[in-house]
Amino acid sequence: MRRRNIRVQVWLNREEREKLQASAKKSGLSGETYLRTLINGFVPKELPPANYHAMMRELHAIGNNLNQIAAKANATGHIDRAIFQDEANRLRQVVLDIRAAVTSPQKLE
């Protein structure tokens, strides 16, 4: 048996339908799911940039490397400045890449 067994029909004008379709597409949801989300008190977020998951993996890798450097420094009382500087530079670059991907305006198609 269906979880949702009550049908609701809504009439929209062309502009409203286009707005609904555009908003649903930006969020990666169907129009129906988008509306149900709104009804339940949530505003769906737009999908993250295509390279979001790759950027997050990169951040996790950098975090792991910095953690290993800190653990080694704590155990030995010495820090390898060159390795630390490489990871710090890598972190700065990834942050710049994320900022560009998330906040830079996109060219209209």
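Two residues are in contact here when heavy atoms of theirs lie within 4.5 Å. Keep that in mind for a stop later on the tour. What you have open is a predicted model.

**Stop 1: the whole chain**

Start with everything shown as a cartoon. You'll find 4 helices and 0 strands, and from the N terminus on the order reads α-α-α-α. The radius of gyration is 23 Å, well over the 13 Å that the globule rule gives for 109 residues, so the protein is more spread out than a compact globule.

**Stop 2: colour by confidence**

The mean for the protein is 87, and 94% of its residues reach 70 or more. Select residues 14-27, which form helix 1: confidence is highest there, at a mean of 95. Then select residues 81-103, helix 4, where it is lowest, at 85.

**Stop 3: the surface**

Buried residues make up 11% of the 109 in the protein. While you're here, colour the charges: there are 18 positive and 11 negative ones, and their mean positions sit 7 Å apart.

**Stop 4: Val43**

Hide the surface and pick Val43. Its place is in the loop between helix 2 (31-39) and helix 3 (52-76). Is Val43 buried or exposed? Its relative accessibility is 66%, so Val43 counts as exposed, the cut-off for that label being over 50%.

**Stop 5: from Val43 across to Ser27**

Next, draw a distance from the C-alpha of Val43 to the C-alpha of Ser27. The gap is 9.7 Å in space, while in sequence the two are 16 residues apart. Ser27 belongs to helix 1, the helix you picked out for its confidence at Stop 2. With a relative accessibility of 9%, Ser27 counts as buried, because that label applies under 20%.

**Stop 6: around Ser27**

Which residues is Ser27 in contact with, leaving aside its neighbours within four places in sequence? Select Tyr34, Pro44, Lys45, Glu46 and Leu47, and you have them.

**Last stop: zoom back out**

Notes
Residues numbered from 1 in each chain as written. Predicted model: local features only at pLDDT ≥ 70, side-chain atom pairs only at ≥ 80, totals over all residues. Heavy atoms only, no water. Helix = DSSP H or I, 4+ residues; strand = E, 2+ residues; numbered from the N terminus. Rg over C-alpha atoms; globule rule 2.2 N^0.38 Å. Buried < 20%, exposed > 50% of the residue type's maximum accessible area, 1.4 Å probe, protein only. Lys, Arg positive; Asp, Glu negative; His and termini not counted. Charge placed at Lys NZ, Arg CZ, Asp CG, Glu CD. pLDDT = per-residue confidence, 0-100.
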